[in-house]
Amino acid sequence: MTASGSDDPQDQWPSRERLAELVLRPTLHRDTFEGWQHYRLTCGQLLPPPHLTPKQWAVLPADRRFDYDMFRRLTNVNLPLQQTPMAAKVTRLIKRRLHGNALKMDDPALAGVMVSGFGHYGKTATVSAVCAAFEDSWLQLHDFLNPAAVPGTADLHAPVVYVSTPVTATPKSTCQATLRFFRADIRASATLPRLVQLVADTLRDHGVRALVLDFTDLG
């Protein structure tokens, strides 16, 4: 998310106005349709500015020095996903499973992938990045239309659904969290069988090909 194509190093990081937009923009969580789409469309775009020597930094105007320092802080605390041998192996496995499941026909049982490990190891970042890339390719394959759309409806096309729940989640709360991705109006009195049916119908009607359940330890 930096300018390019100019020899002037000042063009390699955002203007003050654009920097303010990046810093002050509201946080959209991935566990809603709008938040996931925002993540998908912006992930990987926040690139650090070029390295400047002390001499290059000193000759910048004071306001651009401030912009440069602020943008470096922004990109330093929002580092891109680090590519490691383990991340590459997980990425390949998930990618194969996503495309394999998406192309299966009339198979009631689809294999999943469980990624486990300690906190801050990049599990969520890795899975999210792979699923976002899968959604991009799936949308392009179908010209951004839902090939399984229900006639007479205007359902959102959501090839990927991201659900964040605590590790203590129950089947009922997991169903509710899945429906909240679409901001569905959920009755408090809904029984588990009814919620399971609603989730199944919702995933089918919205053309979902991948359901990501992110169980987070909040303790």
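Two residues are in contact when heavy atoms of theirs lie within 4.5 Å. The views below show a predicted model.

**Figure 1. Overall architecture of the predicted model.** Among contacts between residues at least 6 apart in sequence, 66% join residues at least 24 apart. The protein contains 8 helices and 2 strands, which follow one another along the sequence in the pattern α-α-α-α-α-α-β-α-α-β. Of its 219 residues, 31% count as buried. The protein exposes about 14200 Å², and carbon and sulfur atoms supply 59% of that area.

**Figure 2. Helix α4 and its buried face.** Helix α4 spans residues 62-76, 15 residues in total. From its first C-alpha to its last, the helix reaches 21 Å, close to the 21 Å expected at 1.5 Å a residue. The buried residues of α4 are R64, D67, Y68, F71, L74 and T75. Viewed down the axis of α4, these buried residues fall within an arc of 130°, and therefore line one face of the helix. On the other side of α4, A62 and R73 are exposed. The cover over the buried residues of α4 includes helix α1 (16-24) and helix α3 (54-58).

Figure 3. When its neighbours within four places in sequence are left aside, R64 is in contact with Q10, W13, P14, S15 and R16.

**Figure 4. The paired strands β1 and β2.** Strand β1 comprises residues 160-166 and is mostly covered, with 5 of its 7 residues buried. Strand β2 comprises residues 210-216. The two strands run parallel and are joined by 7 bridges. Within this pairing, S164 stands opposite D214 of β2.

**Figure 5. L46 in the loop between α2 and α3.** L46 lies in the loop that connects helix α2 (33-42) with helix α3. At 17% relative accessibility, L46 counts as buried, because the cut-off is under 20%. L46 and N78 are separated by 32 residues in sequence, while their C-alpha atoms are 7.8 Å apart in space.

**Figure 6. R183 in the loop between α7 and α8.** R183 is placed in the loop between helix α7 (171-180) and helix α8 (192-205). Its phi is positive, at about 55°, although R183 is not a glycine. The relative accessible area of R183 is 57%. Because exposed means over 50% relative accessible area, R183 counts as exposed at that value.

**Figure 7. Cysteines C131 and C175.** C131 has a relative accessibility of 3% and therefore counts as buried. C175 has a relative accessibility of 11% and therefore also counts as buried. A search of the whole structure finds 0 disulfides.

Key. Residues numbered from 1 in each chain as written. Predicted model: local features only at pLDDT ≥ 70, side-chain atom pairs only at ≥ 80, totals over all residues. Heavy atoms only, no water. Helix = DSSP H or I, 4+ residues; strand = E, 2+ residues; numbered from the N terminus. Expected span 1.5 Å × (residues − 1). Buried < 20%, exposed > 50% of the residue type's maximum accessible area, 1.4 Å probe, protein only. Arc of directions from axis to C-beta. Disulfide = S-S within 2.5 Å. Areas by Shrake-Rupley, 256 points an atom, 1.4 Å probe, with all protein chains shown as cover. Pairing = 2+ DSSP bridges.
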